[in-house]
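I opened a notebook page for a structure I had not looked at before. The entries below follow the order in which I looked things up.

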Amino acid sequence: MGVLSACRRSLVSAAYIVVMACPLAAQDPPRMNTAVGAHYDVGSQVSAADAAERLALLESAWPQFVRFCDREPKLAGPLKVRAFANNDQWQKGMQAAGAGP
């Protein structure tokens, strides 16, 4: 497998990072708070501050992706990253993205 193929897989994996966070109360409808940067569109059901913190972490890692790929990857748009409130919300999010059963 070539470096570019591994790079593409790494970027796709980064696009589907899902993190289990603090559960919301059962009656609270989950709200996706978003923060968008140059390379990532981060959503978090926890808080806007959580989305912003995750965005800052991912954007700070972008130079390592560029070095790994030996060039700036061409993106059609920011990579989507979502942090869900609980397992049920994660499953619904995966199904909505076409990745579930």
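I began with the terms for cover: a residue is buried under 20% relative accessible area, exposed over 50%, and partly exposed in between, with a 1.4 Å probe and protein chains only. The areas come from the Shrake-Rupley method with a 1.4 Å probe, and for residues only the protein chains shown count as cover.

I noted that this is a predicted model, where local features need pLDDT of at least 70, side-chain atom pairs count only at pLDDT 80 or more, and totals for chains, interfaces and linings use all residues. Residues are numbered from 1 along each chain as its sequence is written, and side-chain values use heavy atoms, with hydrogens and water left out.

Entry: overall layout. I looked up helices (DSSP runs of H or I, at least four residues) and strands (runs of E, at least two), both numbered from the N terminus. The protein chain has three helices and four strands, and their order along the sequence is α-β-β-β-α-β-α.

Entry: cover and contacts. Of the 101 residues in the protein chain, 32% are buried. I found an accessible surface of about 6,400 Å² for the chain, with 59% of it belonging to carbon and sulfur atoms. I then took contacts, meaning heavy atoms within 4.5 Å. Among those between residues at least 6 apart in sequence, 58% join residues at least 24 apart.

Entry: salt bridges. Side chains of opposite charge can pair when their charged atoms come close. I used the cut-off of a side-chain nitrogen of Lys or Arg within 4 Å of a carboxyl oxygen of Asp or Glu. How many salt bridges does a search of the whole structure find? The search finds three.

One is between Asp-41 and Arg-82, with the closest N and O atoms 3.4 Å apart. Asp-41 is in strand β3 (residues 40–44) and Arg-82 in strand β4 (residues 79–84), so this pair ties together parts 41 residues apart in sequence. I checked the cover of both: Asp-41 and Arg-82 are buried.

Another joins Arg-54 and Asp-50, at 2.7 Å from N to O. These two are four residues apart in helix α2 (residues 48–69), a separation of about one helical turn. I have Arg-54 down as partly exposed at 21% relative accessible area, and Asp-50 as buried at 15%.

I also listed Lys-92 with Asp-88, whose closest N and O atoms are 3.4 Å apart. Both lie in helix α3 (residues 87–96), four residues apart, about one turn of the helix. Lys-92 is partly exposed at 45% relative accessibility, and Asp-88 is partly exposed at 41%.
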